[in-house]
Structures are given as C-alpha cells and as structure tokens.
Amino acid sequence: MDTTPDSTPPATLNRRAFVGAAGLAGLGLMGASRAQAAPAPSSSSTAASTLFTVPMNSDGEYELPPLPYAYDALEPSIDEETMRLHHDIHFNGYKNGLNKALAKLKDFRSGGDYPEIAYWENQLAFNGAGYNLHVVFFENMAPAGTTSPASSLKKTLDEHFGGMDAFKGQFSAAAKTVQGSGWAILGYQPFGGKLVVLQAEKHQNLTQWGVVPILALDVWEHAYYLKYQNRRGDYIDNWWKVVNWDNVAQRTEAALKG
Ligand SMILES: [Fe+2]
C-alpha cells in the first residue's frame with residue numbers, strides 16, 4: 001500500500017520547530033515571520049523539536065506532511081476513501097490557503113496598500129489554524145491496537161482531569177456537541193500550566209490564546225460523513241480505537257516541559 005499521496009510534495013526541504021507555530025495558530029496569528037524565527041532542529045533533536053515540526057520548503061512555504069500510515073490503516077474506524085479525501089484534498093486545501101494568505105499579505109506590505117485586509121486576515125487565521133490542527137490530527141492516530149496509554153500519561157490526565165474516563169468523557173461530549181464544523185482539542189494552556197479540553201468552531205473560533213494542541217479530533221463532516229453519514233457520535237466512539245497514545249504522551253510531555 002502506497003502511503004505517500006500523489007499530491008504530497010517531495011521530501012521535506014526544511015523542518016522547523018512547531019511549538020511556536022502551534023501557539024501562533026492558537027492565537028490566530030500563525031505567520032511566516034514568527035514560524036521561521038523558530039530554531040531548526042539539529043541532528044540531535046529532542047523529543048519536543050522532533051514532534052512539533054511542520055514541513056516547510058526553502059521559500060518558507062508550508063508543505064503537506066505525508067500520511068504517517070497507509071490510507072486504509074485505520075479501517076474500520078475510518079475508511080480509506082475518507083482518509084484519501086481528507087488528507088489529500090481538504091488538508092492540502094488548508095495548506096494552500098495558508099500559503100496564499102501569507103503571500104497576499106506580503107504583497108500588501110510591499111505595496112503599502114491593504115485592499116480587503118480583513119478578508120485576508122480571516123483567511124490567515126482560518127487556514128493557519130486548519131493546517132495546524134490537521135498536522136496534529138493525522139499524527140494523533142495509529143492502527144487500532146498498536147498503542148495504549150502509558151502510566152505516566154494516565155497519571156497526568158488524572159492530575160488535570162480526575163482520571164482517564166473523566167478526560168475521555170469531557171472530550172467526547174465536547175466533540176459531539178460542536179455546533180457545525182469544528183474540533184475537540186486537548187491542549188496545553190501555557191499561562192496556567194494546565195491541560196484543557198476546548199471546542200473549536202471552524203478551526204479558529206472558541207480558542208484560548210496561546211493554547212498548544214496535543215490531541216485534536218476533527219468533527220467536520222468531511223472527516224466522517226462518507227461512512228457514518230449523520231452519526232457523528234458513532235464516529236467519535238470508534239475514533240478512540242485509533243488514537244495514537246504514544247503520540248499523545250510525547251506531545252503532552254513536550255508541552256508540559258515548555
Ligand atoms: Fe478536516
């Protein structure tokens with residue numbers, strides 16, 4: 001099974017630290033200048049710098065990360081056709097929208113004129129947050145039965161939520177009740193040092209400034225409608241079977257370490 005989408009660009013030319021970009025997307029301010037200011041990981045990358053990375057080309061444009069598993073690897077929880085459309089079309093569209101918004105705003109700055117500035121700032125927030133959350137979403141999943149929550153992660157979730165079941169209960173309830181298109185997100189709130197569960201409408205609404213996403217569940221209809229139609233709850237219940245708990249634990253550890 002080919003795990004590399006046809007639309008995926010060639011090997012990453014440059015990978016930059018993601019913590020800054022993730023925080024900025026949470027702020028609705030994800031932009032090239034700040035993202036590029038983050039240090040590139042060295043050959044002896046730490047867990048944090050390895051995990052929180054996004055592919056970027058030599059021109060500073062964001063690229064589409066390849067799917068880290070086969071398109072059908074999450075069957076039957078998530079079907080192959082949905083994964084192909086979701087990753088190759090929808091995710092890629094947010095990447096293109098983010099790059100276009102950044103290019104437009106750069107042109108405006110060069111010309112000293114800002115036509116339709118509100119529209120392009122909206123595009124920057126929408127597509128930047130969408131790109132950010134899809135990076136996390138696809139890395140947050142793995143074939144069923146290949147990972148399980150480590151004791152250290154369980155301990156952390158217990159400290160912040162009162163237990164794994166309490167965390168999953170809040171997260172599922174949040175996901176099932178997002179109005180319209182959006183997300184449920186486990187995130188790290190840096191100003192309080194807390195883990196929080198947030199809902200997001202579209203990609204960028206209802207966030208807290210600066211929250212770093214750790215576990216993100218896409219509940220836009222494009223994420224489940226082919227298989228589940230209007231049964232979002234069934235999709236959410238089955239999605240738990242393909243959560244990559246190793247990735248969640250690594251992201252949690254990296255976030256808590258700052
Ligand atoms: Fe999506």
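Reader: Before anything else, what counts as a helix or a strand here?
Author: Helices and strands are DSSP runs, numbered from the N terminus: a helix is a run of H or I with at least four residues, and a strand is a run of E with at least two. One thing to keep in mind is that this is a predicted model.

Reader: ok, how many helices and strands does the protein have?
Author: There are 10 helices and five strands in the protein.

Reader: And what share of the residues is buried?
Author: Of the 258 residues, 38% are buried. As for contacts between residues at least 6 apart in sequence, 70% of them join residues at least 24 apart.

Reader: Let's do the sheet. In what order do the three strands come?
Author: The order is E4-E3-E5, in an open sheet with antiparallel pairing. Strands E4 (194-201) and E5 (212-218) are at the edges and have a single partner strand each, so one side of each lacks a neighbour in the sheet. From one strand to the next the twist averages 20°.

Reader: What holds strands together in general?
Author: Backbone hydrogen bonds pair the strands of a sheet, either parallel or antiparallel.

Reader: How many bridges join E3 to E4?
Author: Eight bridges join E4 to strand E3, which covers residues 182-189. To pick out two positions, Gly187 has Val196 of E4 as its bridge partner, and Tyr188 stands opposite Leu195 in E4.

Reader: How many residues sit between E3 and E4?
Author: Four residues lie between E3 and E4, and the two strands form a hairpin. In the turn, Gly193 has a positive phi of about 65°.

Reader: Which residues of H7 are buried?
Author: Phe167, Phe171, Ala174 and Ala175 are the buried residues of H7. Down the axis of H7 they fall within an arc of 100°, so they line one face of the helix.

Reader: Why would residues a few places apart point the same way?
Author: An α-helix has 3.6 residues a turn, so residues three or four places apart point the same way.

Reader: What do the buried residues of H7 pack against?
Author: They pack against helix H6 (151-161), helix H9 (232-239) and the strands E3, E4 and E5.

Reader: You mentioned H9. Which of its residues are buried?
Author: Tyr235, Ile236 and Trp239 are buried in H9. The arc they cover around the axis is only 95°, which puts them on the same side of H9. Their cover includes H7, E5 and helix H8 (225-228).

Reader: Now H4 and H5. At what angle do they pack?
Author: H4 and helix H5 (residues 117-139) pack at about 140°, and their axes are 8 Å apart. The crossing of H4 past H5 is left-handed. Residues making the contact include Phe91, Leu98 and Phe108 of H4, and Trp120, Leu124 and Tyr131 of H5.

Reader: Where is Glu116?
Author: Glu116 lies in the loop between H4 and H5. Its phi is positive, about 55°, although Glu116 is not a glycine.

Reader: So is Glu116 buried or exposed?
Author: Glu116 counts as exposed, because it has 11 C-beta neighbours inside 10 Å and the cut-off for exposed is 12 or fewer.

Reader: What's the phi of Leu206?
Author: Phi of Leu206 is near 80°, a positive value in a residue other than glycine. Leu206 is in the loop between E4 and E5. With 14 other C-beta atoms within 10 Å, Leu206 is partly exposed.

Reader: Then what about the peptide bond from Glu75 to Pro76?
Author: That bond is cis, with omega near 0°. Pro76 is in the loop between E2 and H4.

Reader: Where does Tyr71 lie?
Author: Tyr71 is in the loop between strand E2 (53-56) and helix H4 (80-111). Tyr71 counts as buried, because it has 22 C-beta neighbours inside 10 Å. Glu81 is 10 residues away from Tyr71 along the chain, and their C-alpha atoms are separated by 7.8 Å.

Methods: Residues are numbered from 1 along each chain as its sequence is written. This is a predicted model: local features need pLDDT of at least 70, side-chain atom pairs count only at pLDDT 80 or more; totals for chains, interfaces and linings use all residues. Two strands pair if DSSP finds at least two bridges between them. Axes are lines fitted to C-alpha atoms, for helices over the stretch in contact, and angles run from 0 to 180 degrees between N-to-C directions. A residue is buried if 20 or more other C-beta atoms lie within 10 Å of its own, exposed if 12 or fewer, and partly exposed in between; C-beta atoms are placed from the backbone. The arc is that of the directions from the helix axis to the C-beta atoms. Two residues are in contact if their C-beta atoms, placed from the backbone, lie within 7 Å. A crossing is left-handed if the near helix is turned anticlockwise from the far one by less than a right angle, and right-handed if clockwise.
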